[in-house]
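Visitor: I have a structure to explore. Could you guide me through its rings and its pockets?

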Amino acid sequence: MVIRTVLTALTALTLTAPSGFLAPIEWGGGPLTVDALPSVVYTAHRGGALEVPENSMSGLAAAYERGTAQVIDFDTRILRDGTLVVMHDATLDRTTYETGPVRDLDSASWQDVLVRPGMELPGFWSPERPPTVAEVLDRFGGRIMLMLEAKDPQSLKRLATLIRSRGLTRSVFVNSNDPAVAQRAHQMGLLAQLWRSKTQMRADRPEHWASYVDVLDVDYKARDSDLIRAVNSGIPRVWAHTVTTAKQRDRALRLGCNGIITDAPGLLSRTPIDASATAALRTRRGAA
């Protein structure tokens, strides 16, 4: 359930769906798939972690309802009994009222965990249990594109089962930092996403992954030459992470990225793209 949020005049704008290519995509007669995405995509990273409690059901629901992104991202961990849950860190310490490894819990003890909303977030948010992966897929699957990062690579088979059983193989990106995991995801019939740090990108040859990576998720802090090499790799979608300002976004778009992964989708959606980045987008669309 979305927690009713009292917003300041500044943050109230995040509730307004933007116009043009950022407008939310509607779910028609069947599940929304990757083929329906626009030429430039916004992804709400962990739901938009500067605007909502990260990886919480209320935060993911707010990201969906606000319409400021076409993809919602969340992280997955596996409990000791095999239950897949939504959590970024390997421990509970940073984002909940509990401590200790996530892996030590089972599905019963997971019911007692509560997300601790950050005091710096706009609005008022109540503590809530972090969702399971099945709950997120059931609530949003097919209504908006989802991106999940498999923090525990051994969970990939279970994730594939959850995604396949709901008919969402073309509606969910499965993300990892490991090319071997991305290749396994592709072999399982999933949409494979591979993220890389600015340090990794210095030595990467992303053209080697073009046959099995659907989204290359690149660090916006990388050198211009490394970003351009990624854009020219033959991988169809090159999205920059984790962007928080319009300046960072505009540079990534100007260099050829066709997606932005952001902790602040509301802020970026209401901030116009600068003229040079807009011109680069128009040139690429014309060439296509």
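Visitor: Does tyrosine 64 count as buried, exposed or partly exposed, and at what relative accessibility?
Guide: Keep in mind that this is a predicted model. Buried means under 20% relative accessible area, and exposed means over 50%. Tyrosine 64 comes to 32%, so the label is partly exposed, at 32% relative accessibility.

Visitor: What kind of aromatic pair do tyrosine 64 and phenylalanine 140 form?
Guide: A pair of aromatic rings is described by the distance of the centres and the angle of the planes. Here the centres of tyrosine 64 and phenylalanine 140 are 5.7 Å apart, with 55 degrees between the planes. Planes under 30 degrees apart count as stacked and over 60 as edge-to-face. The pair of tyrosine 64 and phenylalanine 140 is therefore tilted.

Visitor: How many residues apart in sequence are the parts that this pair ties together?
Guide: Tyrosine 64 lies in helix α2, residues 57-66. Phenylalanine 140 lies in helix α4, residues 133-140. So the pair ties together parts that are 76 residues apart.

Visitor: Is phenylalanine 140 buried or exposed?
Guide: The cut-off for buried is under 20% relative accessible area. Phenylalanine 140 has 2%, so the answer is buried.

Visitor: What kind of pair do phenylalanine 173 and tryptophan 239 make?
Guide: Their ring centres are 5.5 Å apart, and their planes stand at 80 degrees. Over 60 degrees counts as edge-to-face. So the pair of phenylalanine 173 and tryptophan 239 is edge-to-face.

Visitor: Now the pockets. Which element gives the most to the lining of the largest pocket?
Guide: The largest pocket has a volume of about 280 Å³ and is lined by 16 residues. Both β8 and α11 supply at least two residues of that lining. With three residues, the one that gives the most is α11.

Visitor: How many residues of that lining are nonpolar, polar and charged?
Guide: Pro38, Ser39, Val40, Pro236 and Asn258 lie nearest the centre of the largest pocket. Its whole lining divides into nine nonpolar, three polar and four charged.

Visitor: What is the volume of the second largest pocket?
Guide: The lining of this pocket divides into seven nonpolar, two polar and four charged residues. The second largest pocket has a volume of about 220 Å³.

Conventions. Residues numbered from 1 in each chain as written. Predicted model: local features only at pLDDT ≥ 70, side-chain atom pairs only at ≥ 80, totals over all residues. Heavy atoms only, no water. 1 Å grid on protein atoms, 1.4 Å probe; cavity = no way out; pocket = protein on both sides within 12 Å on 5 of 7 lines; lining within 4 Å. Points joined across faces, edges and corners; volume = space filled by probe spheres on them. Helix = DSSP H or I, 4+ residues; strand = E, 2+ residues; numbered from the N terminus. Nonpolar A, V, L, I, M, F, W, Y, C, P; charged D, E, K, R; others polar. Phe/Tyr/Trp six-rings, centres within 6.5 Å; stacked < 30°, edge-to-face > 60°. Buried < 20%, exposed > 50% of the residue type's maximum accessible area, 1.4 Å probe, protein only.
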